[in-house]
Amino acid sequence: MKRNKDISSLVRKHILTLNPYSSARDEFSGVADIYLDANENALGAASGGPYHRYPDPLQWEIKQELAAQLPVGESQIFLGNGSDEVIDLLIRAFCYPGIDHIVIMPPTYGMYKVSADIHDVATREVPLDPEFQIDLQALSQAWDTNDKITFICSPNNPSGNTLNPESIAQVLEQAPGIVVIDEAYIDFSPHPSWVHQIEQYPHLVVLQTFSKSWGLAGLRLGMGFANPEIVEVLNKIKPPYNINAFTQIEALKALQARDRKEKMVHILQEEKTFLQTQLQALPQVEAVYPSDANFLLTRFEDANQTYAYLVEHKIIVRNRSRVLHCGNCLRITVGTRQENEVLIQALRQQNP
Ligand SMILES: *Cc1c(COP(=O)(O)O)cnc(C)c1O
């Protein structure tokens with residue numbers, strides 16, 4: 001059943017009426033022989049590349065390719081300078097500073113709260129349970145109408161697990177505002193994406209990114225999938241050329257070489273299994289948590305000691321030991337076979 005929700009009543013009022021910047025390419029988007037409308041340098045780029053024209057403000061070529069590969073239409077896609085920009089714009093669009101809140105479920109990705117803090121929007125925390133699953137009862141008790149956005153991260157960073165789909169469905173049924181499902185690691189997960197559900201839930205935004213499985217963290221390109229009403233709000237408030245020309249060219253190339261991404265995901269999954277087996281055999285490792293992502297949350301006897309030891313050996317992992325439910329845990333990204341072997345070898349020599 002399709003859930004009814006009036007998006008415009010959730011958007012900050014001044015955004016509904018504001019006049020967005022109109023670029024040269026907004027005012028004439030057809031094909032012409034001579035373009036003298038944007039004060040570009042007609043002679044070319046000093047770097048030699050194809051960069052002397054402003055990029056497509058709405059990135060239609062990338063959206064066309066995404067719409068061909070995913071169960072979404074072009075009008076249901078928003079592209080950001082990293083998913084981090086999409087998170088930032090969502091908070092700006094829906095949350096009144098000093099009045100509204102977002103809801104997050106720690107331990108989770110840090111940017112939701114940082115973004116909210118920047119906008120003077122309070123963050124309400126409803127922790128995941130010790131199995132890293134949603135605490136529905138605590139959530140329903142906590143929610144009020146000023147909770148404009150509820151963030152779910154699945155597979156969750158830093159725990160690596162997928163959140164129970166029945167619980168997520170409950171959140172979608174009951175949340176007072178927008179629900180964001182951050183699927184940065186979805187390509188490493190055997191579970192289906194929530195992108196299939198954006199028609200059913202008009203207040204759902206699914207985030208994915210080119211930073212992990214696609215191997216393009218340096219480009220800064222994130223995707224938001226949602227109903228066109230939300231996409232239009234984001235388009236209205238984004239910087240006009242938020243995705244630069246280089247990123248657009250490279251992302252299109254990557255999308256057209258999708259099999260290369262799939263091969264890398266396959267290799268990284270095998271490496272994850274290898275790393276998991278090797279870690280579990282170490283005496284100082286107490287637990288390796290199951291992971292639907294490209295990292296392994298690993299509990300050590302003494303995480304701070306192991307972290308410092310690895311730094312000495314020029315191996316950097318993420319120390320998450322001060323994070324809720326993650327006592328003595330390090331988050332280890334799956335590397336190449338050689339990197340994984342060097343890590344394991346170093347750990348073997350930690351307590352000779
Ligand atoms: C890595 C990560 C992202 C990626 O953010 P980008 O800005 O697209 O690089 C988003 N969400 C989570 C949970 C992540 O771990």
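**Briefing: sheet, helices and salt bridges**

Strand β2 (residues 101-104) runs parallel to β3, and four bridges join the two. (Strands and helices here are DSSP runs numbered from the N terminus: E for strands, at least two residues, and H or I for helices, at least four.) What you're looking at is a predicted model, where local features need pLDDT of at least 70 and side-chain atom pairs count only at pLDDT 80 or more, while totals for chains, interfaces and linings use all residues. Residues are numbered from 1 along each chain as its sequence is written, and side-chain values use heavy atoms, leaving out hydrogens and water.

**The sheet**

- Seven strands make up an open sheet with mixed pairing, in the order β1-β7-β6-β5-β4-β2-β3; two strands count as paired if DSSP finds at least two bridges between them.
- The edges belong to β1 (77-80) and β3 (122-125); each has a single partner strand, so one side of each is left without a neighbour in the sheet.
- On average, neighbouring strands of this sheet are turned by 25 degrees against each other, ignoring direction. (For angles, axes are lines fitted to C-alpha atoms, for helices over the stretch in contact, and values run from 0 to 180 degrees between N-to-C directions.)
- Over in β3, E125 sits opposite I104.
- (Buried is under 20% relative accessible area, exposed is over 50%, and partly exposed is in between, using a 1.4 Å probe and protein chains only.)

**Helices on the sheet, and a surface patch**

- Helix α3 (residues 60-69) lies across β1 and β7 (222-225), and runs at about 125 degrees to β1.
- Helix α8 (residues 228-237) packs on the sheet too, touching β1, β5 (178-182) and β6 (204-209), and its direction makes about 30 degrees with that of β1; contact means heavy atoms within 4.5 Å.
- On the surface, Y51, F246 and I249 form a nonpolar patch with about 250 Å² of accessible area together. (Patch residues have over 30% relative accessible area and no salt bridge; like charges are joined within 9 Å, nonpolar side chains (Val, Leu, Ile, Met, Phe, Trp, Tyr) within 5 Å. Areas come from the Shrake-Rupley method with a 1.4 Å probe, and for residues only the protein chains shown count as cover.)
- F246 belongs to helix α9 (residues 245-256) and is partly exposed, at 40% relative accessible area.

- Most peptide bonds are trans, and most residues other than glycine have a negative phi.
- The bond from P106 to P107 is cis, with omega near 0 degrees; P107 is in the loop between β2 and α5 (111-118).
- S154 and P155 are also joined by a cis peptide bond, with omega about -5 degrees, and P155 is in the loop between β4 (147-153) and α7 (165-174).
- D120 has a positive phi, near 55 degrees. You'll find D120 in the loop between α5 and β3, where it counts as exposed at 52% relative accessibility.
- H325 isn't a glycine either, yet has a positive phi of about 65 degrees. H325 is in the loop between β10 (318-319) and β11 (329-333) and is partly exposed at 28%.

**Salt bridges**

- The count comes to 13 salt bridges, each being a side-chain nitrogen of Lys or Arg within 4 Å of a carboxyl oxygen of Asp or Glu.
- D88 and R92 meet at 2.9 Å, N to O. They are four residues apart in helix α4 (residues 83-94), so about one helical turn separates them. D88 is buried at 14%, whereas R92 is partly exposed at 35%.
- K113 bridges to D117, with the closest N and O atoms 3.2 Å apart. Both lie in helix α5, four residues or about one turn apart. K113 is partly exposed at 34%, and D117 is partly exposed at 42%.
- D187 pairs with K261, with the closest N and O atoms 3.0 Å apart. This pair links distant parts of the chain, 74 residues apart: D187 in the loop between β5 and β6, and K261 in helix α10 (residues 258-280). D187 is partly exposed at 27%, but K261 is buried at 5%.
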